Amino acid sequence: NGKVGIIVQGWHVPDDFFGNASSPLKRIQTCVDVQLRLCRQRLAASTERNDWDWRSSPSPAWWHVCAVRGGVYHESVTVHGWPGQCALSVQPFDSESVLMKGTVDLANVTWTSYKDKIVMASLDGEFVSQHPTPFQQLFHGQVMMMEARWPNSRLEDMLSRSSWSKTKEGSVYGKIEDAGLYQAGVDWTGGLATLNVAHQFYTWTRYVATYHSNASSKSASFTYPKDLP
């Protein structure tokens, strides 16, 4: 049985090279795709020579290895149509530490100060075209960030009643009264409200349709679509 090894190194590699120690591949997915092509080429050549009946063999004929250098790889790897006659192994190179993350690296995105310790970034058209899927999560290091919300709350407190603001007298289906909204000093029009109303154990999210504040009474209210199930 033969073994085909290709080296992957995700840093200081401008593009995909040959897959050896001096010219490693940049992406794990490229290595998997190349190994698949090599496997199919081997099977085709063996069939043409008729020198070995690989179809009757109970074990793989060849081992294809992607040896990954240590580091963080921001990619998802997909294996399609891998023949059973070839075994694929994606493994660290020489026991180095490898971390695969299905996230997009924002290291090259420019962050600027907004206000009150809030930073913001604009994603250009090229970035958006390469990553069209809307953001679901954002991480700083290994810590998942939360969307800005009011009242402010940590992730671990999300299920605590103390982290939710309670509706006030005058609230009805489709309208929320809450003086705390006024104290926040924000126009909530277009914001996304998480509503724990009507059914006791259900929550819904609805966009704020209209927002009204009253400076004399220091109160506020907003309306939302009356389309809850």
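This note lists points on the cores, disulfides, aromatic pairs and backbone of a predicted model.

1. Main core. The largest nonpolar core has 13 residues. Those with the most contacts inside it are I176, L181, L195, V197, Y211, F222 and Y224. Two strands, β11 (192-195) and β14 (219-223), each supply at least two residues of this core. In soluble globular proteins, nonpolar side chains tend to be buried together.

2. Surroundings of L181. Leaving aside residues up to four places away in sequence, L181 touches W150, V186, W188, Y211, A220 and F222. Of these, Y211 and F222 are also named among the core residues with the most contacts.

3. Second core. A separate core of 10 residues includes I6, I28, C66 and V68. C66 is also a disulfide cysteine, being joined to C31.

4. Disulfide C31 to C66. The count of disulfides comes to 2. In one of them, C31 is joined to C66 with an S to S distance of 2.1 Å. The angle about the S-S bond is -105 degrees, and the link is left-handed. C31 lies in helix α1 (residues 28-49) and C66 in strand β2 (residues 62-68), so the pair ties together parts that are 35 residues apart in sequence. Both cysteines, C31 and C66, are buried.

5. Disulfide C39 to C86. Here the S to S distance is 2.0 Å. This link is right-handed, with 95 degrees about the S-S bond. The pair links distant parts of the chain, with C39 in helix α1 and C86 in strand β4 (residues 86-92), 47 residues apart. C39 and C86 are buried. When the bonded cysteines of the chain are numbered in sequence order, the pairing reads 1-3, 2-4.

6. H64 in strand β2. Strand β2, which holds C66, also contains H64. The relative accessible area of H64 is 0%, so this residue is buried. The side chains of H64 and Q35 are joined by a polar contact of 2.8 Å.

7. Strands β11 and β12. These strands run antiparallel and are joined by 4 bridges. In β12, W204 is the bridge partner of L195; L195 is one of the residues with the most contacts in the largest core. Side chains alternate along β12 (residues 204-207).

8. Aromatic pair Y173 and Y224. There are 4 aromatic pairs by count. A pair of aromatic rings is described by the distance of the centres and the angle of the planes. For Y173 and Y224 the values are 6.4 Å centre to centre and 70 degrees between the planes, an edge-to-face arrangement. Y173 lies in the loop between β9 (143-144) and β10 (175-177) and Y224 in the segment after β14, so the pair ties together parts that are 51 residues apart in sequence. Y173 is partly exposed, at 42% relative accessible area, whereas Y224 is buried at 5%. Ring pairs link Y173, F222 and Y224 into a cluster.

9. Aromatic pair Y202 and W204. This pair is stacked, with 6.1 Å centre to centre and 20 degrees between the planes. Y202 has 51% relative accessibility and counts as exposed. The cut-off matters for this residue, because exposed means over 50% relative accessible area. W204 counts as buried, at 12%.

10. Backbone points to check. Most residues other than glycine have a negative phi, and most peptide bonds are trans. The peptide bond from W150 to P151 is cis, with omega near -5 degrees. P151 is in the loop between β9 and β10, and W150 is one of the residues touched by L181. S95 is not a glycine, yet has a positive phi of about 65 degrees. S95 is in the loop between β4 and β5 (98-101) and is exposed, with a relative accessible area of 75%. K218, also not a glycine, has a positive phi of about 50 degrees. K218 is placed in the loop between β13 (210-214) and β14, and counts as exposed at 55% relative accessibility.

How values were computed
Residues are numbered from 1 along each chain as its sequence is written. This is a predicted model: local features need pLDDT of at least 70, side-chain atom pairs count only at pLDDT 80 or more; totals for chains, interfaces and linings use all residues. Side-chain values use heavy atoms; hydrogens and water are left out. A nonpolar core is a set of buried Ala, Val, Leu, Ile, Met, Phe, Trp, Tyr and Cys residues joined through side-chain atoms within 4.5 Å. Buried means under 20% relative accessible area, exposed over 50%, partly exposed in between (1.4 Å probe, protein chains only). Contact means heavy atoms within 4.5 Å. Two strands pair if DSSP finds at least two bridges between them. A disulfide is a pair of cysteine sulfur atoms within 2.5 Å. Rings of Phe, Tyr and Trp (its six-membered ring) pair if their centres lie within 6.5 Å; planes under 30 degrees apart count as stacked, over 60 as edge-to-face and the rest as tilted. A polar contact is a pair of N or O atoms within 3.5 Å; within protein, one must be able to donate a hydrogen and the other to accept it, and residues adjacent in sequence count only if both atoms are side-chain atoms.
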